[in-house]
Amino acid sequence: MEREPAAADEPRPPGRRRRRRRRRRRREGRTRTVRSNLLPFPGAEDPTASAAKGARRLRRCGGTQHLADNRLKTTKYTLLSFLPKNLFEQFHRLANVYFVFIALLNFVPAVNAFQPGLALAPVLFILAVTAFKDLWEDYSRHRSDHEINHLGCLVFSREEKQYVNRFWKEIRVGDFVRLRCNEIIPADILLLSSSDPDGLCHIETANLDGETNLKRRQVVRGFSELVSEFNPLTFTSVIECEKPNDDLTRFRGCIIHDNGKKAGLYKENLLLRGCTIRNTEAVVGIVIYAGHETKALLNNSGPRYKRSQLERQMNCDVLWCVLLLVCMSLFSAVGHGLWVQRYQEKKSLFDVPESDGTSLSPVTAAVYSFLTMIIVLQVLIPISLYVSIEIVKVCQVYFINQDTELYDEETDSQLQCRALNITEDLGQIQYIFSDKTGTLTENKMVFRRCTVSGIEYSHDANAQRLARYQEADSEEEEVVPRGGSLPQRGSTGSHQGIRVLHRSQSTRSHRRTGSRAEAKRASMLSRHTAFSSPMEKDITPDPKLLEKVSECDRCLAFARHQEHPLAHLSPELSDIFDFFIALTICNTVVVTSPDQPRQKVRVRFELKSPVKTIEDFLRRFTPSRLTSGCSSIAGVATSKSAHKSGPSLLSTLANDGALLRLEERLDPQAPGLTSNGYSSGADGWAQHKAAREPEPEQELRYEAESPDEAALVYAARAYSCALVDRLHDQVSVELPHLGRLTFELLHTLGFDSIRKRMSVVIRHPLTDEINVYTKGADSMVMDLLLPCSTDDARGRHQMKIRSKTQNYLNLYAVEGLRTLCIAKRVLSKEEYACWLQSHLEAESALDNREELLFQSAIRLETNLHLLGATGIEDRLQDGVPETIAKLRQAGLQIWVLTGDKQETAINIAYACKLLDHDEEVITLNAESQEACAALLDQCLHYVQSRSPRSAPEKTASSMRVSFSPVCPPSATTTSSPSPSLVIDGRSLAYALEKNLEDKFLFLAKQCRSVLCCRSTPLQKSMVVKLVRSKLKAMTLAIGDGANDVSMIQVADVGVGISGQEGMQAVMASDFAVPRFRYLERLLIVHGHWCYSRLANMVLYFFYKNTMFVGLLFWFQFYCGFSASAMIDQWYLIFFNLLFSSLPQLVTGVLDKDVPADVLLTEPQLYKSGQNREEYGPRTFWLNMADAAFQSLVCFFIPYLAYYDSDADMFTWGTPITAIALFTFLLHLGIETKTWTWLNWTACGFSILLFFTVALIYNASCATCYPPSNPYWTMQTLMGDPVFYLTCLIAPVAALLPRLFFKALQGSLFPTQLQLGRQLAKRSPKKLRAPKETSAQERLPGEPRTEPSEQGSLGPSGSFSQDRSSQVAWPAQQPACSPEASGEPSVVDVSVPLREDTLLEGLSSQTPGLSSPGEVILECPGDSKMKPTSASRAAPLSSIFSLSSFSSLNWISSLSLVSGLGSVLQFSRSGLQMDKQDSEFLPSPLPPDQNLQATDYF
Amino acid sequence: MTWSATARGAHQPDNTAFTQQRLPAWQPLLSAGIALPLFFCAGLAFIGLGLGLYYSSNSIKELEYDYTGGSGLSNCSVCAAAGQGRAPPPRCSCAWYFSLPELFHGPVYLYYELTNFYQNNRRYGVSRDDAQLSGLPSALRHPVNECAPYQLSAAGLPIAPCGAIANSLFNDSFSLWHQRQPGGPYVEVPLDRTGIAWWTDYHIKFRNPPLVNGSLALAFQGTAPPPNWDRPVYELSPDPNNTGFINQDFVVWMRTAALPTFRKLYARIRQGNYSAGLPRGAYRVNITYNYPVRAFGGHKLIIFSSISWMGGKNPFLGIAYLVVGSLCILTGFVMLVVYIRYQDQNDEDEEDE
């Protein structure tokens, strides 16, 4: 807080200072001051104590004693507070209040119905159960807290003057903590000292955000210079920083030294709680935030509570029940009033006057009766419903978690249910919103192609190798070592052998379906090397390019000592060289060796850091320094003083003498001081080789923040341009001939999503020029290129290169590759100096520093020279197309919302079957609001005009429908598949405007799939919100990255993919799955089960209570509406809770209406949940009507049986109770679809319990239970045959209609679910052996045109027919799907057709798919054309979707010729990979799979 | 906490039948084929049972007589008219004559039946003190509040037995006279009034308070009889085992009926010559007409009934079984039709395969 000295340091204009003061004052509340705990209490000897204000403030916050300690306490209760607090929380639930109110009502004598104490029992029971559950949860929290609190760590002790072991909970703010390698950080700590000579420290944040790469943290400036052990006793500075907040990516503050100097603090200085120290021996830091104020804990919001759709509906029905209850009570009240009036005046013997002898007025009697009725009929509102539902949901969550088929061996992770109470929502989803990258795709980048200075290098060998990986993936058995069978590779230098060895190993280890141990090994391997699967590590270089690279390498090695070495290269070779240098160094990849902690045996040539000041710049760039490789003291001092990487700090000249001297002492430690910047290449290489070859496991690993970066660095390494070392100030690259080149890293302008590019500024060791290498999205980079004149030859050449590159970029995008452009800029010293000036200003700015730095970066990244472009493939995850197809069949609409560019997105969509080649694609690209509106109208008109037109086509095209691999399951128009909609981000923004959103939604609703490209996270969530609110549909959002978080939170069900990109999505999600494909089982099986179970259970609950209450209500007609009950109070109160609760719980937890395998083979069964077939208003009221009928039967059969007899109240009421119990159980029996021994046991237990309790209760006490006196009733009844006779007939009569209708409906109008059940029942063997055969059986009653995946393989009709007629079939329908046979003959038949298709497809191309402001309605194939040869059609049809590319023909020929072999190979492996498909598809591939295959060329 | 929770090793779930939801199960399919035999079997069984019940119920004889006297036809009309509007009504007697052409097979039970009498009315039903009735001395002196307004007499004495149920005790009495020969003398048929209450009620639930000096009257000293009673509870019967709270008429009355029309057992006829039943001949029932029911539209009946294994006469159960049984058979036939048609479809489907 001492800012007077700081302010005095640099005089400012008074006005400005005043403004700053004001700001400060405003911010005072938002800052925290931390001082060392080792200091005596401040105040007395505080130097600034004279300032009264300062002293006061320091006294207040200086001691830091009031700040939270590091104890973790996630428990909600203490022993004392448990009861009141828990009760208070439970009474937040309205139902509990209601039941307590009713129980208390019993204490009013005039209206009580039961023994007051007894009436409280069920409420207390429910409260106790809930309280016990809460207590248990709290206890387990307490235990884990305890465990964490008692972890140990080294804290500096004031008394012992050394670090002593303390528990985590004892750490306080202001303590000094010493952490060793691999220790978990106990609190948010400001890094003050590190064993690393550079003052660096690496942390792994996997615990925090799931990212496995190492993050670099830096010692606070001013402390990094200390060479000797940091001594906490000498630490007297005061740290001023923000109040605790939950922003993991931000930390601001400053440290104020004794002498008044200030230094800024940034997030690079902060070690966050929960992270792990890696690669660093030891660090020391001061605790800034502890315990619950740490960012990790502030970020940790527990499980989410959502209310499921079913529960909302149920609550609504509960309200209906309340209404019913009130009506019944009112009816009774009026009835009683009339009854009293009638009999009172007649002086009836049974009329009881008021206690004072006066007669009771009918109105009062009615009011009393009303209240008593409410008590008696309270059962109608099921008290145990909520508890039961909670229990069932917990069990469902347990079962979902336990499902081995949702367990991912590779990552050893299973599905996590983070939200406990929306399991049944999974069964009702209508819309799925999916992210693309990392969700549909692996987010494991593989370098696929590149183009350098206009020449494409297609890396065919690489494609083949990747195809081979696919194969290896799919094989079950251990593969033979592949060393020998590896594709021919170019000479990659002397360490090829090692690589081969490594590859064969990784080939084996990287297998998804392999044995568990292998998978584990793979996952362990991948733990150490983030984002580096063997796939992206091993790149088979393109021979042509490799040759060129080595050529320029050789040339440069030759010419290295000449004046302009690069000038000796041709422009192309120079570009290639720069291209690879850029690939290697334009990133933030950290190089590590596998053994930890990292031994920093690096060669320290000279200490260079990003240039910080003009003086520095001038000093370092004077010619004299160019020749001398050695470091001058000044250079060291400046560089050290400004020891900061990346966007850096305030510029201060640290002319501190002491620090400087320390530096000097440090210097001699650096080993390679004598060698100059570019040491003799041959020597370096030889040494390096010697060091590397004996220990191949010493291979360097690259840890990148994004998978693209790693892929590029590995790609460059394949061209023997290997990144060997990266420090904050220099990057070393190893080349075979040139040896180690060390680039001086002047600046790194990090990637941000607005610029969509990153740059590094380096000094080139060969030319000594200052180069800027920029890598970024093509759309951005291409606009920033140096405008070239068309006059001279060079300019024209450049233009040509650019247009060629642009073509290739488009091609890459079409192939679904992620494209990046690499560009370069050479800066003259003047330009650099000019830019540096402004950049330094930006860096030192205190206000909107980010904005200024952004501007500065933009200034630098202009006039670029294009080097080339890369195409990186993001592979589709396993099973994505199949999953999408299944989900489609299940009636789910899938929308893909991606930030990727349109072409890439469309292509991925084709690959994963989201778009189909024979369907129309409506592309919506609008430049303005008006254009968007017009387009929407046009599209709407088109879509609407289509539907009537399609009617006559119906018969003609029905054939095709059964062929198309995926058909719209909600096929309202089965004739022609509805079109798909592709919309880009800008048009989406217009379409989401208020006036257009309805139209947009209407259009989207008509479309089979919707693809939103280039959408921002906000747009994603807006789309979800729109669909949710306007269509009233159940939505599910799935994504893996931080950009999906908002969408996940908005959707009804949020699913996170616990994959590559951190944990934010998972943290925000309700369910976390390891891979996309698990969504299929999660929704179709578990979702359906959860929904059906819960729906049936809720319905049963309502039925049960209504029926029971009905019995009581009918009795009111015979007791003068006096609210008396023939059922004993005990039975009345415990019936729901004890006697009839267990069987329904068992059924609710375990019942399976349709077995899992049938659900999976018949995904359309999922629709029952979407349409709320099992629990909707209709079923609810039918259910209630049935309950009323049953209660009538169950009441009047005993009534008539005991009419005119001497039966007393309870002798008559007890049989009714027993009848009700039997009816309930039999009803449940009718509703239960799966009877396990648990069901039998539960039912038996219920009956036994009822009779046991009744017998004991009726024998226990003759006079104890006023007002009822059921003594010996049960015992007497047991000896009465009429009791048994009524108990036999009443339930049967009550359930007869239900059974009759169920059976009749099961035979005549079976629902889909019943058919599925029949299917499972009739052919269990068939289902097990060839699953699909049984699935082929057409469900009777199902429309024949009902599409199914299997149906797509043959003409509709039964599958057996298909088989028998398989041979003759192609002849009958030559044009139709050859998939089922897929033999060459069919291919021949379809060849001419295919060519037609091609022509037609081409001619139908509307130019400019991407041209804005135009609707493109593509109809690339029509019914007859589509099914061409499976293996060949796909590349063609993928072309149809391109617009006008000049290279069109070229691509098609290339793919066709070169790819055929590998496609076939791949297809076979694909078959083995997926058993289900393999049994079914004799040869064939759905075209999309082909497309995927062709991508590997 | 996330970091400690995820520190566990293998996450692979257990592969057991329970956790994987693969418990062996019986999965019945509700369809005509399955329901068919069920319906037929149940139908047949029910019809059989129904026939048995019907016949056994029909074999039970019942003889009932409404002696309320509203219609003016019977001689109880006089009493009914006399008692109108007066409380307590004057003592009045009337008689019911009937003759049996043949032996009324025994054992014969004599019931009285009240209609339109809401003993199950809630306020009435709770107006009792079981503790007092179980002979608890303290409860005898301090009846519970539920008994109000029949808790304390006008003089402030505790009423024993308290409450509305006890107060409204049925107080008509019957005696049965048999004339063997026409014109012969009427012989009183012995009515067994002792075994009419539940054994547990008489022996456990209802107890007299401990005797004071061997006298029940003294035990009840300081209590008042219910307002409607003309004598104290200890004088209900001269038989010491049938007086006070354990008077069987009283015990039977205190077991409140479930429905507004109810019977209560008055006596069993099983002694002497009448153990086999009532022989043929003329009979006279002498009725002491006390109980006013006409005010609220009730009726009083007197009923002779024999019983079978299933209790009293009850034709309903037999009929119900017959009806439900035939319904089952009927639905069974519907099912059969459906099943045959459905079976055809099935066969077609199977041929398809």
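Predicted model: local features only at pLDDT ≥ 70, side-chain atom pairs only at ≥ 80, totals over all residues.
Student: How many residues are in contact between chain A and chain B?
Tutor: On chain A 113 residues are in contact with 91 of chain B, contact meaning heavy atoms within 4.5 Å.

Student: And what area is buried?
Tutor: About 9000 Å², with carbon and sulfur atoms giving 63%; this is the accessible area (1.4 Å probe) that two parts lose on being put together, summed over both.

Student: How many salt bridges cross the interface?
Tutor: The rule finds two, taking a side-chain nitrogen of Lys or Arg within 4 Å of a carboxyl oxygen of Asp or Glu. One of them joins D1204(A) and R263(B), with the closest N and O atoms 3.4 Å apart.

Student: Which helix gives the largest share of chain A's side?
Tutor: Helix α45 (residues 1281-1308) of chain A, with 17 residues; helices are DSSP runs of H or I, at least four residues.

Student: Switching to chain B, where is "transmembrane region" annotated?
Tutor: The unreviewed UniProt entry puts it at residues 34-55 and 316-340 of chain B; such annotations may be inferred rather than shown by experiment.

Student: How far apart are the end C-alpha atoms of residues 34-55 of chain B?
Tutor: They lie 33 Å apart, and the span is 100% helix. For residues 316-340 of chain B the distance is 36 Å, also with 100% helix.

Definitions and conventions:
Residues numbered from 1 in each chain as written. Chains lettered and ligands numbered in written order. Heavy atoms only, no water. Helix = DSSP H or I, 4+ residues; strand = E, 2+ residues; numbered from the N terminus.
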